[in-house]
Amino acid sequence: MGFFDFLRAKPGIKRGYLAVFDQETIKNKWVNVEQLLSANNPASRRQAIVEADKVLDYALDRLYPGLNATGERLKLAKEIFDYKRKEYDEVWFAHKVRNEMVHNLNFEMPSVEAKNIIEKFKTGIGLLGGFR
């Protein structure tokens with residue numbers, strides 16, 4: 001546990017809790033995602049998806065510090081999604097799209113689909129407590 005981790009730790013609070021500071025950081029980072037998406041060109045759409053995944057990873061890292069990969073953290077976060085299985089699966093799908101996009105140089109995504117993927121990230125981050 002790092003120096004600042006103990007400041008965030010709240011005894012007796014269930015998993016899924018994000019400190020107010022983390023919630024504000026997420027909101028601020030999300031503004032950049034929306035700006036990139038509104039530019040409405042292929043490069044900005046790609047970057048918006050990458051940045052949305054980074055925001056998801058930031059939230060997951062606050063909830064599950066010490067793990068290296070977003071996927072590892074997302075597996076543990078299944079408990080937070082509780083009965084929201086559909087939303088959990090959609091966040092996984094969005095993360096997999098991001099992975100395919102960064103590893104496949106020929107990956108193209110229409111504007112409507114990019115907005116859909118961004119919305120999946122936003123819903124997942126919200127369920128993690130990022131947009132309270």
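## Aromatic pairs

Two aromatic pairs are counted in this predicted model, where rings of Phe, Tyr and Trp (its six-membered ring) pair if their centres lie within 6.5 Å. One of them joins Trp30 and Phe131 in an edge-to-face arrangement, at 5.7 Å centre to centre and 80 degrees between the planes; planes over 60 degrees apart count as edge-to-face, under 30 as stacked and the rest as tilted. This pair links distant parts of the chain, since Trp30 lies in helix 2 (residues 20–38) and Phe131 in the segment after helix 7, 101 residues apart.

Trp30 counts as buried because its relative accessibility is 3%, whereas Phe131, at 27%, is partly exposed (buried means under 20% relative accessible area, exposed over 50%, partly exposed in between, with a 1.4 Å probe and protein chains only).

## Helix 6 against helix 7

The axes of helix 6 (residues 85–103) and helix 7 (residues 111–127) come within 8 Å and cross at roughly 130 degrees, which makes helix 6 oblique to helix 7 (under 35 degrees is roughly parallel, over 145 roughly antiparallel, 65 to 115 roughly perpendicular and the rest oblique). The contact, meaning heavy atoms within 4.5 Å, includes Phe93 and Arg98 of helix 6 and Ile117 and Phe121 of helix 7. Its residues divide into seven nonpolar, three polar and four charged.

## Basis of the values

Residues are numbered from 1 along each chain as its sequence is written, and side-chain values use heavy atoms, leaving out hydrogens and water. Because the model is predicted, local features need pLDDT of at least 70 and side-chain atom pairs count only at pLDDT 80 or more, while totals for chains, interfaces and linings use all residues.

Terms used
Axes fitted to C-alpha atoms, helices over the stretch in contact; angles between N-to-C directions. Helix = DSSP H or I, 4+ residues; strand = E, 2+ residues; numbered from the N terminus. Nonpolar A, V, L, I, M, F, W, Y, C, P; charged D, E, K, R; others polar.
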